[in-house]
Amino acid sequence: MIDWFWRALARPLLFLGDAERVHHVSMACLGFLLCLPGLRRLVARWTAPAPELRCERFGTLWAGPVGLAAGFDKDARWHRDLAALGFGAVEVGTLTGRAQPGNERPRLFRLPADRALLNRFGFNNEGAAAAKPRLRPRAPGLVLGVNIGKSKVVPNEEAVEDYLHSFALLWGEADYVVVNVSSPNTQGLRALQDREPLEALLRALQTRNEELAREAGSAPRPILVKIAPDLSDEQIDDVAELAQSCGLAGIIATNTTVAREGLVTPAAEVASLGAGGISGAPLRLRSPRVVARLYSKLEGTLPIVGVGGVMDAEDAWKMIRAGACVVQVYTGFIYGGPGFVRRLHSGIVACAARDGFARWEDAIGVDAARVAA
């Protein structure tokens with residue numbers, strides 16, 4: 001019933017409005033509805049993943065292998081409400097050391113013919129300090145990731161200190177921390193993916209991680225790096241080697257793409273929207289290939305989070321078989337509605353049974369060599 005209502009009525013109506021404004025209104029409505037007596041518990045029970053989907057990742061127990069990617073809950077306002085929709089984890093941010101308005105509006109556009117989004121947000125957020133108190137309390141059992149990026153006004157030469165500032169502020173509230181060096185919407189940011197600056201950044205963060213852990217008397221936080229789908233094979237291999245040598249907990253692949261090839265939407269229409277990164281179905285081929293190359297390079301020794309182009313359960317299953325230990329969604333969730341995560345989780349169980357796997361995790365990386373080739 002909910003899925004039918006979303007496809008037939010809610011989505012067509014919502015897609016008439018400005019995409020960013022609709023996003024905020026929709027989340028406000030979700031929060032209001034979940035405050036009605038008993039409804040949060042009812043929704044959470046309906047969306048809860050099957051017990052066989054539970055998995056331990058980055059030292060935490062995920063209820064299921066589908067998480068929410070960063071960019072949806074930029075200011076950490078909605079993670080408690082989103083937890084009711086069945087996500088195995090919610091990643092907030094990207095948060096920066098300094099508050100910033102982001103790029104001028106409009107900056108989020110739908111490409112319905114491609115089942116895609118184009119955004120040039122530019123890390124709009126109120127800053128790490130403002131977000132910190134909103135990270136608690138959290139929903140029971142919620143795995144919470146925190147995604148951090150570089151402030152726009154900070155030059156790349158001072159990026160390490162800027163990341164360290166956000167990292168230290170948010171360290172105690174995060175189950176894992178993601179270093180975002182791959183958004184195309186902050187000028188010069190992607191240059192930090194080059195081997196030398198990336199190594200300097202990751203090593204500095206790991207040193208601070210160990211210091212904070214000693215001070216708190218706890219274990220260091222798992223640190224992951226998020227990369228772009230537009231990297232060359234040599235750059236992907238460099239990231240894999242650095243992730244291992246720097247002792248990272250994993251890699252998230254991939255962010256949005258600046259490529260425009262293969263879109264159904266007319267080129268002139270896309271060009272009229274301006275610069276930005278594209279997410280959604282156009283990444284269905286590229287993102288699994290990046291995941292597969294990483295998996296093959298790492299020989300399965302480091303967890304990979306697959307994100308980009310996951311629009312249905314078959315896409316999620318393809319990501320898992322390419323080497324992703326969990327997947328994240330964003331655009332697919334916007335197009336798929338509140339029942340999307342539930343459908344993905346049940347679909348992963350069905351795909352595993354169809355393909356003869358006793359456990360869904362047994363399929364991780366089985367197609368990596370073929371997809372990476």
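The second largest cavity has a volume of about 30 Å³. A cavity here is a set of points, on a 1 Å grid over the protein atoms alone, where a 1.4 Å probe fits but cannot get out, and lining residues have an atom within 4 Å of a point. Points are joined across faces, edges and corners, and the volume is the space filled by probe spheres set on them.

The model is predicted: local features need pLDDT of at least 70 and side-chain atom pairs pLDDT 80 or more, while totals for chains, interfaces and linings use all residues. Residues are numbered from 1 along each chain, and side-chain values use heavy atoms, without hydrogens and water.

Arg-284, Pro-288, Gly-308, Gly-309, Val-310, Asp-315, Lys-318 and Met-319 line the second largest cavity. Helix H11 (residues 313-322) gives the largest share of this lining, 3 residues. Helices (H or I, at least four residues) and strands (E, at least two) are DSSP runs numbered from the N terminus.

The whole structure holds 2 cavities of 30 Å³ or more. At least two lining residues each come from strands E6 (116-119), E11 (277-280) and E13 (326-329) and from helix H12 (331-336).

The table gives the linings by class: Ala, Val, Leu, Ile, Met, Phe, Trp, Tyr, Cys and Pro count as nonpolar, Asp, Glu, Lys and Arg as charged, and the others, Gly among them, as polar.

| Cavity | Lining residues by class |
|---|---|
| Largest | 12 nonpolar, 19 polar, 2 charged |

How values were computed. 1 Å grid on protein atoms, 1.4 Å probe; cavity = no way out; pocket = protein on both sides within 12 Å on 5 of 7 lines; lining within 4 Å.
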